[in-house]
Amino acid sequence: MDDRARETLAKLTTAEKASLTSGADFWTTTAIAHAGIPSVMLTDGPHGLRKQTGSADHLGLGSSVPATCFPPAVALACAFDPELAERVGIALGVESAIENVAVILGPGVNIKRSPLCGRNFEYLSEDPLVSGVLGAGLVRGIQSRGVGASLKHFAANNQETDRMRVSADIDERPLHEIYLRAFQRVVTDAQPWTVMCSYSRINGVYASEDHRLLTKLLRDDWGFNGLVVSDWGAVDDRVAALTAGLDLEMPGGSGHSAERIVAAVADGRLPESVLDSAAARVIALARKAEARIHPSHKLDVDAHHALAREAAARSIVLLKNDGGLLPLDPGRRIAVIGEFARTPRFQGGGSSHINPTRVDSALDALAAVAGDHLRFAPGFGFAAADDAASLRDEAVALAAASDVAAVFLGLTEAEESEGFDRTHINLPAAQLELLDAVLVANPNVVVVLSNGSVVALPFADRVPAIVEAWLLGQAGGSATADVLLGEANPSGKLAETIPVRLEDTPAFGNFPGSFGHVRYGEGVFVGYRWYDLRETAVAFPFGHGLSYAVFDYGVAQVHLADDGDLLVTVPVTNTSDRPGREVVQVYLGLDDSAVERPPRELKGFRSVEIPAGETVEVTVTVRSADLAYWDTRVGRFVVEPGTYRVDVGASSRDIRSTSVVDIAGDDVRVALTEHSSLAEAAAHPVVGPAVRASLPKGIFGASDGGASDGEGFADDMVLQMIGSIPLGRLPGFPSAGVTADDIRKLIAAANSAEPPD
Ligand code: BGC
């Protein structure tokens with residue numbers, strides 16, 4: 001706390017300080033005029049500004065000022081480009097500043113644990129590195145304009161079902177390696193002004209009351225120096241939350257929490273210093289925001305719409321393009337089928353719902369280029385009363401009379417939204433039936449998908465071209481036309497696996513839990529980590545995405561830098577005659593590991609523009625810290641020594657070059673105890689050699705006349721058989737020839753050699 005904050009606090013009563021730690025109303029903080037503390041606004045987020053003008057709500061129901069709706073996270077992530085994310089962040093910061101908004105509530109970096117999560121459209125990826133790197137890009141952009149970001153939802157908000165109470169029961173390794181890692185990355189790389197705690201509980205403790213999360217990890221270990229705000233209505237016990245490190249409760253206005261805080265300070269349950277710290281952070285946020293926001297300029301609607309279009313085109317993933325059906329030739333007869341082409345679904349439902357400055361439809365954008373060659377049939381309607389049969393027949397007749405049919409399929413807002421989870425991953429049956437009928441009439445079909453989270457693609461083998469167009473924001477329609485017509489060369493890659501069946505997905509059977517608990521039974525094996533471990537067939541793998549260009553990879557070189565980072569360099573050649581962009585992905589694996597691991601994990605990536613016919617040497621940096629796993633013995637991240645496989649590829653299942661690198665790793669010393677196993681003692685760096693050399697004769701070795709053939713510990717097979725015996729139990733075996741005193745001395749020798757962790 002700085003001197004200015006101390007001076008300000010000295011002027012405030014306990015009640016005034018308490019009032020600062022809750023909002024003044026739905027969206028603003030409390031002002032205290034006599035102490036010069038301004039009120040500032042925090043509002044949604046994340047892919048556009050939702051500043052409400054009338055009645056306030058956190059469900060996206062009330063109206064809000066017009067703002068640019070950029071591609072939601074589900075789409076933007078597929079660009080795999082932190083610089084693009086940063087540019088979108090800058091635009092978000094500009095729009096927030098114009099509206100005098102101090103903090104925009106995003107980005108959301110929760111992991112897509114199941115495709116069923118109703119809010120997956122607002123989250124970036126199933127992979128923590130992608131989520132962290134892109135989240136940091138967005139935060140950097142937003143904050144470069146004097147506006148704060150709010151990194152949310154910290155943490156483990158991976159479902160909507162029972163979201164305000166459910167306990168996410170997660171083991172330590174997945175918690176740190178998968179669910180917290182993206183937050184850590186964003187905090188350490190981009191220092192968001194605020195972090196928003198999630199609604200849910202983690203292993204039984206509300207995130208809003210989790211001291212380990214909000215203080216130990218966030219502040220002490222990661223160095224966060226901003227403010228922790230609650231999700232809207234996430235505080236269960238205000239005093240417990242304050243003690244845990246939750247500075248600002250939102251929304252506010254009732255005075256209820258302040259009364260409780262004052263009472264807790266009065267009766268000694270809450271040290272006033274804790275209240276002071278929280279109040280000081282609210283004051284610091286308000287002053288910082290007020291000093292930096294420059295709301296004078298006007299919104300350049302056209303420029304931001306153009307950026308939304310560029311970002312949307314970069315987000316589209318070309319899943320399949322057999323026979324080069326795409327790009328479409330505007331001179332041929334094109335049938336555009338599907339209501340989504342005319343009435344785009346471009347954003348998700350709930351608190352992120354933006355009132356767009358304008359909306360482009362793919363139909364208009366395609367027609368503007370193709371003119372009379374293009375005809376449209378809705379194919380299906382969104383209303384139950386629509387006559388499905390006649391809409392289908394009309395579309396089939398159109399397909400039959402055309403050279404190619406672009407069929408727009410997808411999910412409506414009623415099928416996926418904040419607030420609830422899906423129960424299946426299917427497209428509506430009427431749309432699938434329409435597609436089947438169109439395919440009979442004309443096999444030259446391009447399917448264009450509009451969806452906030454993955455859908456099953458039972459037609460994937462029967463359709464020559466598939467474009468995953470997600471929810472692309474307000475310029476998604478024109479961006480889709482850009483890609484379909486080849487004005488933009490697709491370069492998006494899947495930031496989440498498209499499974500064949502819901503039953504194949506990692507959380508299946510463990511989602512959404514019951515009676516207030518959801519068990520993360522798949523552990524660290526989330527997303528592609530799961531499918532690759534089990535060698536499960538997927539519809540389209542993580543990292544997959546085609547281009548109209550063709551890229552050849554050369555042999556990758558791995559250089560271990562002095563600071564422990566890996567520099568992976570690979571030549572990539574664009575062998576086509578059009579410029580394109582490739583996302584080079586670097587995966588690492590350690591086959592012979594002390595812990596369970598997936599075959600490969602993404603550890604670095606880079607999006608690069610490659611001119612036609614040229615070769616670019618692409619260098620991807622893999623941070624040493626990203627090699628670490630969470631070691632439950634010592635409660636921290638540890639890099640395991642070993643020979644790592646470095647897979648460089650165009651997707652998680654399209655590896656183009658493999659090499660190896662030896663990593664010295666971290667020296668982890670775990671104290672030996674009487675509960676340590678014989679095998680652990682034999683592997684101990686200090687006493688191990690002596691154990692192996694001196695114990696064998698006595699322990700079931702020469703004397704048992706059996707498996708060891710007198711070789712004792714020299715024989716790995718024997719060690720395998722008896723290695724699990726705890727040291728303290730050895731004296732109980734008469735044939736071991738070891739006394740309790742021997743064991744005590746052994747343990748003392750091991751632990752005194754060097755202080756263990
Ligand atoms: C959501 C947050 C959002 C807040 C304010 C909550 O229901 O979980 O993401 O920022 O409402 O609208």
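Colleague: Helices (H or I, at least four residues) and strands (E, at least two) are DSSP runs numbered from the N terminus, so to speak of Ser 659, which strand is it in?

Modeller: Ser 659 belongs to strand E29, residues 654-663. This is a predicted model, with residues numbered from 1 along each chain as its sequence is written; local features need pLDDT of at least 70, side-chain atom pairs need 80 or more, and totals for chains, interfaces and linings use all residues. Side-chain values use heavy atoms, without hydrogens and water.

Colleague: Ser 659, buried or exposed?

Modeller: Ser 659 is buried, at a relative accessible area of 15%. Buried is under 20%, exposed over 50%, and partly exposed in between, using a 1.4 Å probe and protein chains only.

Colleague: What is Ser 659 in contact with?

Modeller: Leaving aside neighbours within four places in sequence, Ser 659 is in contact (heavy atoms within 4.5 Å) with Ala 556, Val 558, Tyr 644, Arg 645 and Val 646.

Colleague: Changing topic, where is His 544?

Modeller: His 544 sits in the loop between strand E19 (538-540) and strand E20 (551-553). His 544 is buried too, because its relative accessible area is 14%.

Colleague: Which residues is His 544 in contact with?

Modeller: Apart from neighbours within four places in sequence, the contacts of His 544 are Val 317, Leu 318, Leu 319, Gly 492, Lys 493, Leu 494, Ala 650 and Ser 651.

Colleague: And the ligand, which residues come nearest?

Modeller: There are 15 residues around the ligand, each with a heavy atom within 4 Å. Asp 44, Arg 119, His 153, Tyr 199 and Asp 231 come nearest.

Colleague: How far is the polar side-chain atom of Asp 44 from a ligand oxygen?

Modeller: For Asp 44 the distance is 2.5 Å. A polar side-chain atom of Arg 119 lies 2.6 Å from a ligand oxygen, and one of Tyr 199 lies 2.8 Å from a ligand oxygen. Such a polar contact is a pair of N or O atoms within 3.5 Å.

Colleague: Now helix H14, which of its residues are buried?

Modeller: In H14 (residues 362-370), these are Ala 362, Leu 363, Ala 365, Leu 366 and Ala 370. Down the axis of H14, they fall within an arc of 165°, so they line one face of the helix. The arc covers directions from the helix axis to the C-beta atoms.

Colleague: What is exposed on the other side of H14?

Modeller: Asp 364 and Ala 368 are exposed there.

Colleague: What covers the buried residues of H14?

Modeller: The cover includes strand E11 (334-337), helix H13 (339-342), strand E13 (374-377), strand E14 (404-410) and helix H17 (476-485).

Colleague: Which residue follows H14?

Modeller: Gly 371 follows H14, and its phi is positive, near 55°.

Terms used
Polar contact = N/O pair within 3.5 Å; in protein donor to acceptor, adjacent residues only side chain to side chain.
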